Amino acid sequence: MITNNIFSSLRLRQIINDLKRRPLDASKDLSLNPKTFDKYLKGKIKIDENFVRKAVKVWPVNISDFINPKYQKSTNYKVMRFKDSFKTKRVMKRGGKDYYEYRDTVMDRDAPFRPEWIRELVYVKSNSPNEKDLKWNRGHLLHQLTYFVGEVNFYYIDKNKKKRTAVMNTGDSMYIAPYVPHTFASRNRKCEGYIVAITFSDKITNEVQNEILNFDKKKIKQVIFNRNFTDQNKVTVKKFEEKQKKTKGPLHIIELAKNKIIKTANFACIR
Ligand SMILES: [Fe+2]
C-alpha cells in the first residue's frame, strides 16, 4: 500500500461511493480495465496527476477531494538555528541599491504567521520621512507586527495620507493594518540594526481570494476599496520606555505592563 502519495486511494473509494458507483462502473467511466482500477483502489498503483485530471473531467469532483490528508505530517514544535537562518540570506534591491537583507526565521505551514529577519541596508542622516534614499512600498494584504533591534526608523503613511517617521529602538514594536504603505531605514552608520517582521493573513485567506477572482474588477473596487476605513486605527507603535534601559538584569513583567500601547505613533519621540 502506498502511504506517502499526495493522492489517496481511500479518498478514491469515498468518491466513488458518494457518486453511487461500483468499482466496475467507475472503471468504465475512466476507460480503465476493472483489474487495473481495483489496484488503484487498493493502493497498489499510485494515483498520479493524469488519473486525477481524467477523474475530475469525468466526475463532478474537485482535485482537492483526492488529496491524502496525511501526506504532510505536523509537528508539535520547531527550532530554527542561526546557521540555517543565515543560509537563507538574500539581499533585496530597491531603486538599484541594496535595501534589505532578508533571512527566514522559523515558520510552519499550519501557522498563519510568516516571520522574517530583515536588516535595513540604507543609512539615513535625518529622521525626515522624505529622505531621498527611502523607497516606499504600497502596503500589502497581510497584517504586520514588527519588533525592533537597534536604531531603526519605521516610516508609514497615516490616515491623512501624510508621511510619518517613528524613531524605534531595541524593544520597540509596531503593528500595521493591510495596505498601509511603509518602509524602514537604519540610523546606524554600519546598519547594524534589524527587525523581525511577522506578517499574517486575517479574514482574506487564499480561499477567499480565489472566490474574489470570480468578481469583475469594477465589483472588486466597489466591495473592497470604496469602503471608508479612515476612522480605523491602522498603525500602532509601542515604545519601550527610556527608563527601562537603566534597569540592570532581567526585565520585570510588571514594568513591561506599565508601557502603554499608544494608539497612534508617539511623535514626541521623534528626534
Ligand atoms: Fe511589510
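This is a predicted model: local features need pLDDT of at least 70, side-chain atom pairs count only at pLDDT 80 or more; totals for chains, interfaces and linings use all residues.
1. Val152, Phe154 and Tyr156 point one way from strand S5, Asn153, Tyr155 and Ile157 point the other way, and all of them are buried, where buried means that 20 or more other C-beta atoms lie within 10 Å of a residue's own, exposed means 12 or fewer, partly exposed lies in between, and C-beta atoms are placed from the backbone. S5 is thus mostly covered, with six of its six residues buried. In a regular strand the side chains alternate between the two faces of the sheet.

2. Residues are numbered from 1 along each chain as its sequence is written.

3. The chain contains eight helices and ten strands, helices (H or I, at least four residues) and strands (E, at least two) being DSSP runs numbered from the N terminus. Of its 271 residues, 19% count as buried. Among contacts between residues at least 6 apart in sequence, 69% join residues at least 24 apart, a contact being a pair of residues whose C-beta atoms, placed from the backbone, lie within 7 Å.

4. S5 belongs to an open sheet of three strands with the order S6-S5-S8 and antiparallel pairing, where two strands pair if DSSP finds at least two bridges between them. The edge strands are S6 (163–168) and S8 (182–186), each of which pairs on one side only. From one strand to the next the twist averages 25 degrees; axes are lines fitted to C-alpha atoms, for helices over the stretch in contact, and angles run from 0 to 180 degrees between N-to-C directions.

5. The partners of S5 (residues 152–157) can be taken in turn. With S6, S5 pairs in the antiparallel sense over six bridges, and Phe154 stands opposite Ala166 in S6. The two strands S5 and S6 form a hairpin with five residues between them, and Lys161 in the turn has a positive phi of about 65 degrees. With S8, S5 pairs in the antiparallel sense over five bridges; here Tyr155 stands opposite Thr183, and Tyr156 stands opposite His182.

6. Is S8 largely enclosed or left open by the rest of the structure? Five of the five residues of S8 are buried, so S8 is largely enclosed by the rest of the structure. His182, Phe184 and Ser186 point one way from S8, while Thr183 and Ala185 point the other way, and all of them are buried.

7. The other sheet to examine is an open one of seven strands, in the order S1-S2-S3-S9-S4-S7-S10 and with antiparallel pairing. Strands S1 (90–94) and S10 (235–238) stand at its edges with a single partner strand each, so one side of each is left without a neighbour in the sheet. Neighbouring strands of this sheet are turned by 25 degrees against each other on average, direction ignored. Within the sheet, seven bridges join S4 (residues 143–149) to S9 (residues 194–200), which run antiparallel, and His143 stands opposite Phe200 in S9.

8. Helix H1 (residues 9–18) has Ser9, Leu12 and Ile16 as its buried residues. These cover an arc of only 45 degrees around the axis, which puts them on the same side of H1, the arc being that of the directions from the helix axis to the C-beta atoms. An α-helix has 3.6 residues a turn, so residues three or four places apart point the same way. The buried residues of H1 pack against helix H2 (23–29) and helix H3 (34–41), whereas the face turned away from the buried side carries the exposed residues Asn17 and Asp18. Just after H1, Lys20 takes a positive phi of about 55 degrees.

9. Gln72 is exposed, because 10 other C-beta atoms lie within 10 Å. Gln72 and Asn4 are 68 residues apart in sequence, and their C-alpha atoms are 8.8 Å apart in space.

Note on methods
Two residues are in contact if their C-beta atoms, placed from the backbone, lie within 7 Å.
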